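Please keep the sequence and the coordinates at hand while reading.

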Amino acid sequence: MADWKKLAKDLILADGYIERKETDLIKKAILADGVVSKSEAEFLIELRKEAPKAVQEFHEFVLDVVKKAILADGEVSAAEAAWLEKFVTADGTVDAAEKKLIADIKAGAKKSCPEFDALAKKYA
């Protein structure tokens, strides 16, 4: 069986740049069922990490998908907090958009663990 994730990444990254049209196609595929899964978020994170360049819309979409995946049940667990911290610190810096992501998750969470609360305080 073919590895569809590898194939999709290879096609999207063939020219080294995620363009607006590719971003629109990715959005359509990820949002088709109305549910954003953690595996879809992880795929987008990998894609973002491997893309030499991408339009701003793509980066914004990835952040939105991560937020939706974490807030799917309204709670932020310790595992999700660790996963989020690994994501936002992957490039060695936490930028303004990633800080906003953490603040938005904090504001949208019905319940959060102490690990996430510490993360939110650290990057506030």
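Which helices each supply at least two residues of the lining of the second largest pocket? They are α1, α2 and α3, where helices (H or I, at least four residues) are DSSP runs numbered from the N terminus. The model is predicted, with local features needing pLDDT of at least 70 and side-chain atom pairs counting only at pLDDT 80 or more, while totals for chains, interfaces and linings use all residues. Residues are numbered from 1 along each chain as its sequence is written, and side-chain values use heavy atoms, with hydrogens and water left out.

A pocket is, on a 1 Å grid over the protein atoms alone, an open set of points where a 1.4 Å probe fits, with protein on both sides within 12 Å along at least five of seven lines; its lining residues have an atom within 4 Å of a point. Its volume is the space filled by probe spheres set on the points, which are joined across faces, edges and corners. For the second largest pocket this space is about 240 Å³. Helix α2 gives the most to its lining, with 5 residues. Among the lining residues are Trp4, Glu22, Glu40 and Phe43. By class, the lining has 9 nonpolar, no polar and 2 charged residues; Ala, Val, Leu, Ile, Met, Phe, Trp, Tyr, Cys and Pro count as nonpolar, Asp, Glu, Lys and Arg as charged, and the others, Gly among them, as polar.

Two of these lining residues, Trp4 and Phe43, also form an aromatic pair. Rings of Phe, Tyr and Trp (its six-membered ring) pair if their centres lie within 6.5 Å; planes under 30 degrees apart count as stacked, over 60 as edge-to-face and the rest as tilted. The count by this rule is 1 aromatic pair. The ring centres of Trp4 and Phe43 are 5.7 Å apart and the planes stand at 45 degrees, so the pair is tilted. It links distant parts of the chain, since Trp4 is in helix α1 and Phe43 in helix α3, 39 residues apart. Trp4 is exposed, at 53% relative accessibility, whereas Phe43 is buried, at 6%. Buried means under 20% relative accessible area, exposed over 50%, and partly exposed in between (1.4 Å probe, protein chains only).

Helix α3 also holds Glu46, which is partly exposed at 33%. The C-alpha atoms of Glu46 and Lys9 are separated by 8.8 Å, although the two residues are 37 apart along the chain.

The largest pocket contains about 330 Å³ of space. Of its 13 lining residues, Ile45, Lys49, Lys86, Phe87 and Ala90 are the closest to its centre. The largest share of this lining, 5 residues, comes from α3. Its classes are 4 nonpolar, 1 polar and 8 charged.

Turning to the interior, a nonpolar core is a set of buried Ala, Val, Leu, Ile, Met, Phe, Trp, Tyr and Cys residues joined through side-chain atoms within 4.5 Å. In the largest such core, of 40 residues, Leu84 and Phe116 touch the most other members. Helix α4 (56–70) is one of those that supply at least two residues, and α4 gives the most, with 8. Beyond its neighbours within four places in sequence, Phe116 is in contact (heavy atoms within 4.5 Å) with residues including Leu84, Ile102 and Lys106.

A charged residue can be buried here as well: Glu98, in helix α6, has a relative accessible area of 2%. Leaving aside neighbours within four places in sequence, Glu98 is in contact with Arg48, Leu63, Phe87, Val88 and Thr93.
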